[in-house]
Amino acid sequence: LMTVSENEWVWQVVDRGVLDSLSHRLVFQSTGGQRREILMTESLETAIGAASMIVELDGGCVLIETLEP
């Protein structure tokens, strides 16, 4: 698990309960059609914010997918 606050990124090892709370996946799609999972979030709002930041920094296309329950 990675927590981002301002310019500080903190990596943590988490238990299964935290993983079960994740709801959305961000996927980077290259112009060649290749897909790479970037990260997962706990809410759509967080997913949109993260995708916006990634697109501003790197361009390209970031897809937001709902994780199956």
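Student: Leaving aside neighbours within four places in sequence, which residues is Ile54 in contact with?
Tutor: Contact means heavy atoms within 4.5 Å. In this predicted model, Ile54 is in contact with Leu26, Ile38, Leu39, Gly59 and Val62, once neighbours within four places in sequence are left aside. The model being predicted, local features need pLDDT of at least 70 and side-chain atom pairs count only at pLDDT 80 or more, while totals for chains, interfaces and linings use all residues. Numbering starts from 1 along each chain as its sequence is written, and side-chain values use heavy atoms, without hydrogens and water.

Student: Which residues make up the largest nonpolar core?
Tutor: A nonpolar core is a set of buried Ala, Val, Leu, Ile, Met, Phe, Trp, Tyr and Cys residues joined through side-chain atoms within 4.5 Å. Here the largest one has seven residues: Leu26, Phe28, Ala47, Ala50, Ala51, Ile54 and Val62. Strand E3 (24–29) and helix H2 (44–58) are the elements that give two or more residues to this core. H2 supplies the largest share, four residues.

Student: How are the elements of the protein chain arranged from the N terminus on?
Tutor: Helices (H or I, at least four residues) and strands (E, at least two) are DSSP runs, numbered from the N terminus. The protein chain has two helices and five strands, in the order β-β-α-β-β-α-β. Its C-alpha atoms fill a box of roughly 35 × 30 × 20 Å along the principal axes. Of the contacts with a separation of 6 or more, 37% are between residues 24 or more positions apart.

Student: Why does Thr41 count as buried?
Tutor: Buried means under 20% relative accessible area, exposed over 50%, and partly exposed in between (1.4 Å probe, protein chains only). Thr41 counts as buried because its relative accessibility is 4%. Thr41 sits in strand E4 (residues 35–41). Not counting residues up to four places away in sequence, Thr41 touches Leu22, Ser23, His24, Leu26, Thr46 and Ala47. A polar atom of the Thr41 side chain lies 3.0 Å from the backbone oxygen of Ser43. Across the protein chain of 69 residues, buried residues make up 19%.

Student: Which side chain does a polar contact of 2.7 Å join to that of His24?
Tutor: A polar contact is a pair of N or O atoms within 3.5 Å; within protein, one must be able to donate a hydrogen and the other to accept it, and residues adjacent in sequence count only if both atoms are side-chain atoms. The partner of the His24 side chain is that of Ser23. His24 belongs to strand E3 and, at 12% relative accessibility, counts as buried. Among the residues that His24 touches are Met40, Thr41, Ala47, Ile64 and Leu67.

Student: Where is Leu67 placed?
Tutor: Leu67 lies in the segment after strand E5 (61–66). With 18% relative accessibility, Leu67 counts as buried. Leu67 is in contact with Leu22, Ser23, His24, Arg25 and Met40, leaving aside neighbours within four places in sequence.

Student: What volume has the largest pocket?
Tutor: On a 1 Å grid over the protein atoms alone, a pocket is an open set of points where a 1.4 Å probe fits, with protein on both sides within 12 Å along at least five of seven lines; lining residues have an atom within 4 Å of a point. Volume is the space filled by probe spheres set on the points, which are joined across faces, edges and corners. The largest pocket has about 800 Å³. Among its 25 lining residues, Met2, Val4, Leu39, Thr41 and Ala50 are the closest to its centre. H2 gives the largest share of the lining, six residues.
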